[in-house]
Amino acid sequence: MATHFFADTAVLTGRTMRHVTRSLDTIITTAITPIAMMLLFVYVFGGAIDTGAVSYVNYMLPGILLITIASGIAYTAFRLFTDMQGGIFDRFQSMPIARSGVLWAHVLTSLLANVISLVLVVGVALIMGFRSGAGVLAWLAVAGILILFTLALTWIAVIPGLTAKSVDGASAFSYPLIFLPFISSAFVPTDTMPGPVRAFAEHQPVTSIVNTIRDLLTQQPVGTDIWTALAWCVGILIVAYIFANISYRRRIS
Amino acid sequence: MTLRQPCMLAVMSIPPTTNQVQGPAIHVQGLEKSYKELRVLRGVDLDVARGSIFALLGSNGAGKTTMVKILSTLLKADTGTARVNGFDVATQAADVRESISLTGQFAAVDEILSGRENLILVARLRHLKDPGAIADDLLRRFWLTEAGTRRVATYSGGMRRRLDIAMSLIGNPPVIFLDEPTAGLDPQARIEVWQAIKELAEGGTTVLLTTQYLDEAEQLADRIAILHQGRIIVNGTLAELKQLLPPAKVEYVEKQPSLEDVFFAVVGHGGEGDKDGDADKGSQDRKPTSNRK
């Protein structure tokens, strides 16, 4: 049955991708909140924030991208939850297919849908004056980190998607994730924050990820931040993957 | 024509293509299942003959859905054995899944896809050649050709159930489970679904259906088992079940039309507009059947 894993996953991913493309509002909703925040921060608050030589839109774009992903994965949980509620999930589970393919289809769809939203947000940022002289390798590194971050958060999203009792429960988990970039270096340099807040901001995952992406885009040396960022992403990914699979096993047996 | 004739069936039946194992299609012995304190199944025994329609009758909470879930490998029993198409549901789950189709209590269809896309999806997952042709053929057989390109979200309850059953037929599995196939349907849609189920069995497929409607079991089933408080308390053909009660007295009673007769006389038979093709035949097939006595 493992031989069918890729074929089955591809067929099931095609199905969930149709769900995304047929409700384009989910992609637009995912992109519109970060875009609104971007407008607000750049044109309202930005003037009062000192980011040195870097223009504010360049400074805050990495944080906005992470917020985009955090709000995008709420729909991953939602789509999974909806599948579990209807009979279609039971149908798939009673068919001779690779069982983990059902879950992987949702994960791949989450990745693709988030990439579309990220491209939209970057497009708006470009209109707002975002510029980067980063080379191909730096952009690839940025894309790699964003994909890793999306995968990590997606596997987190799978857990409430499988275990939630209500639609609200399935998507509520994403609010703290959306909020996390605000207490980081995403919008304001951390050295302006009072002691304990600063300590939290500097040691939570978002700051290292934001700093890495920002340094890559502004062609600064990335230093050790990139390793901290990768460690966080991979660590979260592994832990979330394990717990998601435990929930899945429990659910299908 | 409304009451299924077992002898006629034997002549008409075409054996399914999937590899068959001899013996009963479903064999269940001493099956028990509890959810914490609640003992849902308390030792169920039953056999379902190949090519028959077997109705598991019971009120809400009798354990019907639990039975179906165990037989379709979605749930593990605490004790007892269950074999489907000769395969043990616990140790040969993959073989069981090759042999069955499940139509769960909630229509197991994808609302966002069209009817045709739903059928193609299942055909692809069963690794069949030419999924498009399979889909078109089933749409025709289940009077859904016109609605085929529409999203399932726009379908009526009866159309959804028909699509659901059509999806279960893909790959020609020898055993099909239908969990409350007509729950929540209007009378017309019910008769359409019954017709679909009869067509299944005429093709030689074994059907195990659960229902809480007595007339449904009476209409469709070759054998009926009554599941009550986690046990099968009666198991037999309709005639055998009727013998459990004292023989009927012969009385002459003026035949009054039932409400169902009135409903169909007033509404007409072809009223839904979602069917195509042979309207004449269709209306004959869906002829109300309550006045056959």
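## A walk through chains A and B

Buried here means 20 or more other C-beta atoms within 10 Å of a residue's own, exposed means 12 or fewer, and partly exposed is in between, with C-beta atoms placed from the backbone. One thing to keep in mind throughout is that this is a predicted model, where local features need pLDDT of at least 70, side-chain atom pairs count only at pLDDT 80 or more, and totals for chains, interfaces and linings use all residues. Residues are numbered from 1 along each chain as its sequence is written, while chains are lettered from A and ligands numbered from 1 in the order in which they are written.

Back to B:Leu56, then. Its place is in strand S3 (residues 53-57) of chain B; helices (H or I, at least four residues) and strands (E, at least two) are DSSP runs, numbered from the N terminus. Leaving out residues up to four places away in sequence, B:Leu56 touches B:Lys64, B:Met67, B:Leu208, B:Thr210, B:Ala225 and B:Leu227, where a contact means C-beta atoms, placed from the backbone, within 7 Å. Further along the chain, B:Ile232 is 176 residues from B:Leu56 in sequence, yet their C-alpha atoms are 8.9 Å apart in space. B:Ala55 has its own set of partners: setting aside neighbours within four places in sequence, they are B:Leu209, B:Thr211, B:Ala217, B:Leu220, B:Ala221 and B:Ile224.

B:Ala55 also turns up in the largest nonpolar core, which has 146 residues. Such a core is a set of buried Ala, Val, Leu, Ile, Met, Phe, Trp, Tyr and Cys residues joined through C-beta atoms within 7 Å. The residues with the most contacts inside this one are A:Leu66, B:Ala55, B:Leu119, B:Ile197 and B:Val207. H3(A) gives the most to this core, with 18 residues.

What about chain B as a whole? It has 11 helices and 10 strands, and 45% of its 293 residues count as buried. Taking contacts in chain B with a separation of 6 or more, 69% are between residues 24 or more positions apart. B:Lys36 is exposed, with 5 other C-beta atoms within 10 Å, and its phi is near 50°, a positive value in a residue other than glycine.

Now for where the chains meet. The contact takes 22 residues from chain B and 19 residues from chain A. On the chain B side, helix H3 (93-99), strand S6 (100-103) and helix H4 (115-125) each supply at least two residues. That side divides into 12 nonpolar, 5 polar and 5 charged residues, with Ala, Val, Leu, Ile, Met, Phe, Trp, Tyr, Cys and Pro counted as nonpolar, Asp, Glu, Lys and Arg as charged, and the others, Gly among them, as polar.

Over in chain A, look at the helix pairs. The axes of H3(A) and H6(A) come within 8 Å and cross at roughly 35°; axes are lines fitted to C-alpha atoms, for helices over the stretch in contact, and angles run from 0 to 180 degrees between N-to-C directions. By class, this contact has 16 nonpolar, 4 polar and no charged residues. In the second pair, helix H2 (residues 24-45) and helix H5 (residues 100-127) of chain A have axes that come within 9 Å and cross at roughly 35°. Here A:Ile27, A:Thr30, A:Ala31, A:Pro34, A:Ile35 and A:Met38 in H2(A) meet A:Ala113, A:Ile116, A:Ser117, A:Leu120, A:Val121, A:Val124 and A:Ala125 in H5(A). The residues of that contact divide into 11 nonpolar, 2 polar and no charged.

Last stop: H10(A). 11 of the 13 residues of H10(A) are buried, so it is largely enclosed by the rest of the structure. Its buried residues pack against helix H3 (56-85), helix H6 (136-163), helix H9 (195-203) and helix H11 (225-252) of chain A. Just after H10(A) comes A:Gln219, with a positive phi of about 55°. A:Gln219 is found in the loop between H10 and H11 of chain A and is exposed, with 11 other C-beta atoms within 10 Å.

Technical notes:
Two residues are in contact if their C-beta atoms, placed from the backbone, lie within 7 Å.
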